[in-house]
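Hi everyone, thanks for making time today. I'd like to walk you through one protein chain, from the overall picture down to a few single residues.

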Amino acid sequence: MQSDVDLLKRTLYGRRRERFVDDSQQGLLFDSTIVGADDDSGSGDDDESDDDEPSPERRTSKGRGRRLFPELLPRKTVRHELDEHEVPEELRSDPAARRFFKKTSEQLEFTPASIHVIEHYQEVIVRDEASGETTIVSATKPPQLIDAYAGPGFWAHLTASRFADHLPYYRQEDILARHGCRIGRGTQQRWLFALALAVAPLVELMRRLALQSEVLGCDETPVKMLAGEPPGCTKTYLWSTVGDNAHPYDCFHFTPDRSRDGPDEFLAGFQGYLQSDAYTCYERIAAADDRIVPVGCWAHARRKFEEIHFSAPSVRTHTALGYFQRLYDIEDRARDSSVSQRGALRQRDAKPIVTELHQWLLEQHERELPKSKLRAAIAYMTNRWQSFACYLDHGAIPIDNNRTEAALKYAVLGRKAWLFFGNSQGGETPATFFTLTKSCNRHHVDPFAYLRDVYTRLPTTPASDLPSLLPDRWIDEHPQHRLQERADEARQRADRKRARRAQRRAPAATPR
């Protein structure tokens with residue numbers, strides 16, 4: 001069908017942003033009995049405080065000012081002295097003339113990473129006994145996490161390069177060779193396999209804590225694996241489970257297939273709200289355990305209407321997207337609110353819209369042809385309506401599962417670089433290290449500094465002290481390793497988006 005061809009072209013060449021603009025000039029696309037025909041139609045926003053929001057400022061390349069470099073960067077001083085021929089003759093012998101150096105500029109310079117060898121010497125005391133025996137006492141070396149001819153800093157570099165910067169092994173091999181030391185990709189792989197086993201207790205602690213979340217997000221993505229049965233390229237899966245703000249860990253799990261056995265294992269013991277797409281695996285897990293409440297993702301539901309609207313816009317698709325826009329505007333207003341405030345706002349403003357939308361969907365479902373794409377999009381929601389309406393009852397439940405999809409895209413970046421797993425052990429290792437590096441990313445932690453400290457301290461850290469190595473607690477003790485500029489950038493970007501949305505929600509001052 002032409003609509004499928006259009007969607008394929010859009011996937012390959014077009015924009016991916018699912019933005020819906022409620023154009024007031026397209027009045028014929030509105031159903032005035034539902035969305036409303038007045039100036040406020042489609043906004044669902046009666047909060048007058050939005051009118052006071054400042055309009056977003058345009059960013060330009062002018063007026064940036066002088067760049068200030070972080071104080072933590074080491075500095076070297078270069079003094080530019082005057083040549084004697086540059087000094088006027090009358091100043092050379094004038095005792096009143098004073099010489100000093102004035103700082104005029106700062107320049108950023110780069111020194112390539114250096115690899116150095118640490119030579120370990122152990123003090124030894126030897127005494128020959130009268131009996132002919134020899135007594136030898138030697139100093140002990142600090143324990144290492146794994147048996148390898150590299151140190152924690154080197155391992156941290158390999159781990160961060162592979163699982164935070166998403167570099168394949170052969171690229172790391174070439175990079176290290178430029179610095180004077182070629183480490184084969186097979187050696188890198190063996191080291192990371194061993195490190196993954198060594199940090200497994202810390203990763204398992206993060207996974208257990210994430211399962212204590214009141215609201216847990218879950219999603220999965222396929223990854224090809226070369227070794228398998230039958231021999232050849234098979235499809236395996238990486239799953240992400242994202243904890244709530246009280247348990248802020250983004251965890252990953254590897255399974256050789258997409259069956260229910262994997263989620264049954266890594267979700268064992270969870271009780272609370274499980275937010276996901278409509279994959280039957282999650283629905284069956286929730287149906288088998290009454291302690292798990294399934295929660296739908298409104299972004300998935302909106303996407304189905306948006307794809308239809310892209311290929312064949314109509315009054316019905318425009319009306320449906322208008323409902324979604326009004327609900328998301330309410331969520332935007334409640335973004336900085338407390339859980340109780342957000343829940344109260346949803347009950348007051350969102351619940352009547354959700355009820356109205358449900359009634360409208362039921363009516364449209366009866367009018368559409370059995371094989372209509374719009375009917376399928378409507379059935380996707382109406383068949384799971386309780387899970388979609390569930391977010392109204394608790395302010396801690398997000399309206400969608402986008403945060404989990406965003407965490408999964410972190411692993412997808414790596415998949416696009418190294419393409420496949422070599423074997424099942426090659427799947428478990430990324431799941432382990434993505435858990436560490438993505439959780440660092442969530443808290444704006446420098447992954448290299450964190451991993452180097454973990455690799456150094458873990459051999460002597462008892463199980464009772466493992467919580468001190470969790471990324472959110474570790475950064476409180478090492479604030480100098482917080483990527484503050486990245487955190488500020490994310491906050492400023494969110495502020496600009498909110499300002500644009502507030503400007504869009506505000507009714508026009510004067511009609512055209």
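I'll begin with how to read the model, then go through the fold, the cores and some local details.

This is a predicted model, so a word on its terms: local features need pLDDT of at least 70, side-chain atom pairs count only at pLDDT 80 or more, and totals for chains, interfaces and linings use all residues. Numbering runs from 1 along each chain as its sequence is written, and side-chain values use heavy atoms, with hydrogens and water left out.

Let's take the overall picture. The protein chain has 18 helices and eight strands; these are DSSP runs, H or I of at least four residues for helices and E of at least two for strands, numbered from the N terminus. Of its 512 residues, 42% count as buried. Buried here means under 20% relative accessible area, exposed means over 50%, and partly exposed is in between, with a 1.4 Å probe and protein chains only. The chain exposes about 31000 Å², and carbon and sulfur atoms supply 50% of that; the areas come from the Shrake-Rupley method with a 1.4 Å probe, and for residues only the protein chains shown count as cover. If we take contacts between residues at least 6 apart in sequence, 67% of them join residues at least 24 apart, where contact means heavy atoms within 4.5 Å.

Now, the strands. Two bridges in the parallel sense link β3 to β8 (residues 420-421), where Lys 224 stands opposite Phe 420.

Leu 419, in the loop between α14 (402-418) and β8, has a phi near 70 degrees, a positive value in a residue other than glycine. Most residues other than glycine have a negative phi.

On to the interior. A nonpolar core is a set of buried Ala, Val, Leu, Ile, Met, Phe, Trp, Tyr and Cys residues joined through side-chain atoms within 4.5 Å. Which residues touch the most other members of the largest core? In that set of 54 residues, they are Trp 155, Trp 191, Phe 433, Leu 436, Tyr 450 and Tyr 455. Apart from it lies another core, of 38 residues, including Ala 299, Val 354, Tyr 380 and Cys 390.

Tyr 380 also takes us to helix α12, being one of its buried residues. Seven of the 10 residues of α12 (residues 373-382) are buried, so the helix is largely enclosed by the rest of the structure. Its cover includes α9 (298-311), α10 (315-333), α11 (339-367) and α13 (385-389). At the start of α12, a side-chain oxygen of Ser 372 comes to within 3.2 Å of the backbone nitrogen of Leu 374.

Finally, the annotated stretch. For "domain: Transposase IS66 C-terminal", an unreviewed UniProt entry lists residues 435-471; positions are in the numbering used here, feature names are shortened, and annotations may be inferred rather than shown by experiment. Over those residues the chain is 54% helix and 0% strand, with the end C-alpha atoms 10 Å apart.

Setting aside neighbours within four places in sequence, Lys 438 is in contact with Asp 250, Phe 252, Ala 406, Ala 407 and Tyr 410. His 444 sits in the loop between α15 (425-442) and α16 (447-457), and has a positive phi of about 55 degrees although it is not a glycine. At 22% relative accessibility, His 444 counts as partly exposed. Leu 469, in the loop between α16 and α17 (471-477), is buried at 0% relative accessibility. Among the contacts of Leu 469 are Leu 202, Tyr 450 and Trp 474.

Thanks, and I'm happy to take questions.

Terms used:
A polar contact is a pair of N or O atoms within 3.5 Å; within protein, one must be able to donate a hydrogen and the other to accept it, and residues adjacent in sequence count only if both atoms are side-chain atoms. Two strands pair if DSSP finds at least two bridges between them.
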